[in-house]
Amino acid sequence: MARKTIGERLAQLEAQRKTLQIRLGKQERAIDTRRKVLIGALVLHRLENDRDVPIGGGLAAWLRSELPKFLTRDGDRDLFDDLLKPQLHEPSLGKVGSGSAV
């Protein structure tokens, strides 16, 4: 069996890299679409059920408060790991109203 030249092997690896890049792009778009669908479903749900609930403290803080209650599947929660992590400039939800002074 004849061995492939270095150039042929590099071309094959480049083709594999391009294929993997395309798959990665599709995967990232699918995740982005799923996140948008879930955020939209949450907003529509709130509009239908709790129309008078104000979104105080900023949208990101509101989403950090509401999304954990709304998302039921672990896979869906994983999509929002970056958003659900407590931010440095905001108090964590567990410490709000605890009555303890530091």
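This is a predicted model: local features need pLDDT of at least 70, side-chain atom pairs count only at pLDDT 80 or more; totals for chains, interfaces and linings use all residues.
Colleague: How much of the chain is buried?
Modeller: Of the 102 residues in the protein chain, 14% are buried. The chain exposes about 8500 Å², and carbon and sulfur atoms supply 58% of that area. Accessible areas come from the Shrake-Rupley method with a 1.4 Å probe, and for residues only the protein chains shown count as cover.

Colleague: Which residues make up the largest nonpolar core?
Modeller: Nine residues make up this core: Leu38, Leu42, Trp62, Leu63, Leu67, Leu71, Leu79, Phe80 and Leu83. Helices α1 and α2 each supply at least two residues of the core, and α2 gives the most, with three residues. A nonpolar core is a set of buried Ala, Val, Leu, Ile, Met, Phe, Trp, Tyr and Cys residues joined through side-chain atoms within 4.5 Å. In soluble globular proteins, nonpolar side chains tend to be buried together.

Colleague: Staying with α2, which of its residues are buried?
Modeller: Trp62, Leu63, Arg64, Glu66 and Leu67 are buried in α2. Leaving out residues up to four places away in sequence, Leu67 touches Ile39, Leu42, Phe80, Leu83 and Leu84. Contact here means heavy atoms within 4.5 Å.

Colleague: And Glu66, what does it touch?
Modeller: Glu66 lies in α2, which covers residues 59–70, and has a relative accessible area of 9%. With residues up to four places away in sequence not counted, Glu66 touches Leu42 and Arg46.

Colleague: How far apart are the end C-alpha atoms of α2?
Modeller: They are 15 Å apart, which agrees with the 16 Å that the twelve residues of α2 should span at 1.5 Å a residue. The expected span is 1.5 Å times one less than the number of residues in the helix.

Colleague: Changing topic, how many salt bridges does the structure hold?
Modeller: The structure holds seven salt bridges. A salt bridge is a side-chain nitrogen of Lys or Arg within 4 Å of a carboxyl oxygen of Asp or Glu. One of them pairs Asp82 with Arg35, the closest N and O atoms being 3.0 Å apart. This pair links distant parts of the chain, since Asp82 is in helix α4 (residues 81–84) and Arg35 is in helix α1, 47 residues apart. Both partners are partly exposed, Asp82 at 46% relative accessibility and Arg35 at 23%.

Colleague: Back to Asp74, which residue meets its side chain in a salt bridge?
Modeller: The partner is Arg77, at 3.1 Å from N to O. Because Arg77 and Asp74 are three residues apart in helix α3 (residues 74–79), they are separated by about one helical turn. Arg77 is partly exposed, with a relative accessible area of 28%. Elsewhere, salt bridges that share partners join Arg34, Arg73 and Asp76 into one network.

Colleague: One last topic: which residues make the nonpolar surface patch?
Modeller: Ile6, Leu10 and Leu13 make a patch of about 340 Å². Leu10 sits in helix α1 (residues 6–49) and is exposed, with a relative accessible area of 54%. Patches are made of residues with over 30% relative accessible area and no salt bridge, with like charges joined within 9 Å and nonpolar side chains (Val, Leu, Ile, Met, Phe, Trp, Tyr) within 5 Å.

Technical notes
Residues are numbered from 1 along each chain as its sequence is written. Side-chain values use heavy atoms; hydrogens and water are left out. Helices (H or I, at least four residues) and strands (E, at least two) are DSSP runs, numbered from the N terminus. Buried means under 20% relative accessible area, exposed over 50%, partly exposed in between (1.4 Å probe, protein chains only).
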